[in-house]
Amino acid sequence: AMHELGYRPNRIARSLVSNKTFKIGVIVPDMSSMFFTAILASIEHVLWKHDYHMVLSNTGKSNRREQDILDVFEEDQVDGVLIFGSHLDCKQLTTLLRHQRAAVVFNGEVDPKVAGQILLDQNGAIGTAIRHLVDKGRIHLGYVGVDGRTYAMRERKRVFDEIIAQYKSNVSGWVM
């Protein structure tokens, strides 16, 4: 009967009854980055299997845009927020996420009481790369950082400097 009548469930009515929007807000700093392409496809695939929809927003690496997007997600009462590479500092991000239903921050600083946090092992990754290069006889190593505004980039530079310092004067490092 539903098919014959052309009935389509009303998502707004469904969300009023269930107190869910079945939407997850995803924030990335740069959608054109190949790094995010595979991740976003995987997220959408998993969400779709669970009858959720992804609301994707690109900050263009702008703090103001990121704040505005989080405000919109709060107003729209999305069921959760995933943030990749936030350009906001810990205090700003924590404040903005306090009123979200649920949030996870990838490679960013946030109060763990407010949002989940997933961090890459910078020590392991950069340490492995430096040890590999030194084992191959390289003693003049450089670090090129793209954007020091993000937690991940600041952490990578800190780890690079720390590991180079462990080699004393045997290895030199420069930062660009």
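Trainee: Not counting residues up to four places away in sequence, which residues does Arg11 touch?

Mentor: This is a predicted model, in which local features need pLDDT of at least 70 and side-chain atom pairs count only at pLDDT 80 or more, while totals for chains, interfaces and linings use all residues. Residues are numbered from 1 along each chain as its sequence is written, and side-chain values use heavy atoms, with hydrogens and water left out. Arg11 is found in helix H2, helices being DSSP runs (H or I) of at least four residues and strands (E) runs of at least two, numbered from the N terminus. With contact meaning heavy atoms within 4.5 Å, and with residues up to four places away in sequence not counted, Arg11 touches Phe22, Asp51 and His53.

Trainee: How is the aromatic pair of Phe22 and Tyr52 classed: stacked or tilted?

Mentor: Rings of Phe, Tyr and Trp (its six-membered ring) pair if their centres lie within 6.5 Å, and planes under 30 degrees apart count as stacked, over 60 as edge-to-face and the rest as tilted. The structure holds five aromatic pairs. In one of them, Phe22 and Tyr52 are 5.3 Å apart centre to centre with 50 degrees between the planes, and the pair is tilted.

Trainee: How many residues apart in sequence are the parts that this pair of Phe22 and Tyr52 ties together?

Mentor: Both Phe22 and Tyr52 are buried, a term that means under 20% relative accessible area, with exposed over 50% and partly exposed in between (1.4 Å probe, protein chains only). Phe22 lies in the loop between helix H2 (11-18) and strand E1 (23-28), and Tyr52 in the loop between helix H3 (34-49) and strand E2 (53-58), so the parts that the pair ties together are apart in sequence by 30 residues.

Trainee: What is the angle between the planes of Phe84 and Phe106?

Mentor: Phe84 and Phe106 form a stacked aromatic pair, 4.4 Å centre to centre, with 5 degrees between the planes. Phe84 lies in strand E3 (residues 80-84) and Phe106 in strand E4 (residues 103-106), so this pair ties together parts that are 22 residues apart in sequence. Ring pairs also link Phe35, Phe36, Phe84 and Phe106 into a cluster. The angle asked for is 5 degrees.

Trainee: Is Asn107 buried or exposed?

Mentor: Asn107 is found in the loop between E4 and strand E5 (116-118), and its phi is near 55 degrees, a positive value in a residue other than glycine. Most residues other than glycine have a negative phi. With a relative accessible area of 11%, Asn107 is buried.

Trainee: What is the relative accessibility of Lys61?

Mentor: Lys61 is found in the loop between E2 and helix H4 (63-75), and its phi, near 65 degrees, is again a positive value in a residue other than glycine. Lys61 counts as partly exposed, and its relative accessibility is 31%.

Trainee: What radius of gyration does the protein have?

Mentor: The protein has seven helices and seven strands, and its C-alpha trace spans about 80 × 35 × 25 Å along the principal axes. The radius of gyration is taken over C-alpha atoms, and the globule rule is 2.2 Å times the number of residues to the power 0.38. A compact globule of 176 residues would have a value near 16 Å, but the protein has 21 Å.
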